[in-house]
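I opened my notebook and went through the structure one topic at a time. The entries follow.

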Amino acid sequence: MPNHRFLLIKGLSHNFWANAHQTAEMLLAAELTGRIPVVHWGTECQHNGVVYNSAFDMYFEPISAYSMDDVSRPDYTYDPPTWRYDNLTIDDAGRFSRSYRNAGQIMDSVANVVVSDISIPVKHFLPWITTDHAEYGMSPDQIYRYLFRKYLHLKPDIGREIQELYASRLNNAEPVMAVHLPGDLAVDIYPQILQFHKLNNLATMKMPNLPRRYGKIRRTDRFLVDETTHLHEIVRLLPANQIGDPYRLFHPEIRHMLGKNAISKIFLSTDREEIVEQFAQLYGPMLVYNGYERIPKNDARNGEPSETHLNARRKGLDAVKDAYLAARCDFFVGYGGSHLSLAVSRLKDWPETNLKLMYWMLPKYYNFSYEMIKTGRYAPEEFDGKYRLFMKRAANLLHRVKRAFQ
């Protein structure tokens, strides 16, 4: 059996930055296992085209000197075994193996070629990071930033275009705040959250005829909240029981940052025309955005695959330019469930007072969410944190009991 050891990193999504995150995760796995990474975003990636072999190479410099041809050999073994040398370019040949894939299988495999057919967050690889690795001691976000900085190098022509766009639109504006609002919040994500709320019949569900104060951003607790705390929290949790336009829930945070900083311009990244119109009405001449084609108002489309390789290339460039331009700004507000927003937060080391990621959470999960996201607010292992979590859960339980007897 040949001695070569490869990790083939396939594109898994029509979302450009979802593929970029999955690629970064697998590049970490390649480092830890000593495998040669081969990145191939094939036809399963929306941003590919029929005249290109790999969409990744359309936007970034190659990761290694090897390609799909080098890993497609009859004498190679593959893991998972559903993959073979003659089906590596098929979109979903490994779909039946995904349910049992995990980090341990990738780390322990002895096959010549391990095929990356699932996204595994970097936190699952932490047990294998030893003191001789550069990522040792880093948090997951720091690891993503390190991997983006090390491996994602734009093609020179794309880098020059981004530089020219910044110079022509934002170079004389200081400071600048970037905002990213993905279009699928209104047509996909937010309605699903509300539907989940209704199906579970949560006691905290608010009906449309309740006072307008429920339309405001509310904190997950009211303990020791002051301006310093507000500035240094990277994460905002929005209650998932809101009624109405989900995008308007971001504006209190945007206005808060505008009020605390002498911001001269707002760079908006979005794929829906109605959001551009809304921001133009609210912020007027402060607004700056890239002039690409967006989903029209009242159109329920949600990023369908492009019909031609030229459209695919353009949409990929739009996602790249928006993210890198936003990362060059001084402040950023985005939706934490968006891969583009996460990419912006990881393309550079942001001061924690300048970066805000918004999440929708069910009220009964608020405190758990703070533990998972690790904002450093109330450490769950400390007495103060345990006490506050206990009191919040007790209050929720008491509220449900009262409603049960009404």
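**Surface.** I began with Leu397, which is partly exposed at a relative accessible area of 47%. My cut-offs: buried is under 20% relative accessible area, exposed is over 50%, and partly exposed is in between, with a 1.4 Å probe and protein chains only. The model is predicted: local features need pLDDT of at least 70, side-chain atom pairs count only at pLDDT 80 or more, and totals for chains, interfaces and linings use all residues. Residues are numbered from 1 along each chain as its sequence is written, and side-chain values use heavy atoms, with hydrogens and water left out.

I placed Leu397 in helix 14 (residues 383-404). Helices here are DSSP runs of H or I with at least four residues, numbered from the N terminus. Leu397, Val401 and Phe405 make a nonpolar surface patch of about 340 Å². For such a patch, residues need over 30% relative accessible area and no salt bridge, and nonpolar side chains (Val, Leu, Ile, Met, Phe, Trp, Tyr) are joined within 5 Å. The area comes from the Shrake-Rupley method with a 1.4 Å probe.

**Helix 1.** Next I checked the length of helix 1 (residues 16-33). Its 18 residues should span 26 Å at 1.5 Å a residue, and the end C-alpha atoms are 26 Å apart, which agrees. The expected span is 1.5 Å times one less than the number of residues. Is helix 1 mostly covered or uncovered? Covered: 17 of its 18 residues are buried.

I then looked at both ends. Asn15 caps the N-terminal end of helix 1, with a side-chain oxygen 3.1 Å from the backbone nitrogen of Trp17. Just after helix 1, Gly34 takes a positive phi of about 70°.

**Aromatic pairs.** I counted rings of Phe, Tyr and Trp (its six-membered ring) as paired if their centres lie within 6.5 Å; planes under 30 degrees apart are stacked, over 60 edge-to-face, and the rest tilted. The count comes to 12 aromatic pairs. Phe16 and Trp17 form an edge-to-face pair, 5.2 Å centre to centre with 75° between the planes. Phe16 is buried at 2% relative accessibility. Trp17 is buried too, at 1%.

Phe279 and Tyr283 form a tilted pair, 5.4 Å centre to centre with 45° between the planes. They are four residues apart in helix 10 (residues 273-283), so about one helical turn separates them. An α-helix has 3.6 residues a turn, so residues three or four places apart point the same way. Phe279 is buried at 0%, and Tyr283 is buried at 9%.

I also noted a cluster: ring pairs link Phe16, Trp17, Trp41, Phe56, Tyr59, Phe60, Phe148 and Tyr324.

**Salt bridges.** My rule was a side-chain nitrogen of Lys or Arg within 4 Å of a carboxyl oxygen of Asp or Glu. That gives six salt bridges. Glu31 bridges to Lys150, with the closest N and O atoms 2.9 Å apart. Glu31 is in helix 1 and Lys150 in helix 5 (residues 140-151), 119 residues apart. Lys150 is partly exposed at 37%.

Arg73 and Asp75 form another salt bridge, at 2.7 Å between the closest N and O atoms. Arg73 is partly exposed at 31%, as is Asp75 at 38%.

Last, I looked up Arg346 and Asp141, whose side chains meet in a salt bridge at 2.8 Å, N to O. Arg346 lies in helix 12 (residues 339-346) and Asp141 in helix 5, so the pair ties together parts 205 residues apart in sequence. Arg346 is buried at 10%, whereas Asp141 is partly exposed at 35%.

Conventions:
Helix = DSSP H or I, 4+ residues; strand = E, 2+ residues; numbered from the N terminus. Polar contact = N/O pair within 3.5 Å; in protein donor to acceptor, adjacent residues only side chain to side chain. Patch = residues over 30% accessible without salt bridge, like charges linked within 9 Å, V, L, I, M, F, W, Y side chains within 5 Å.
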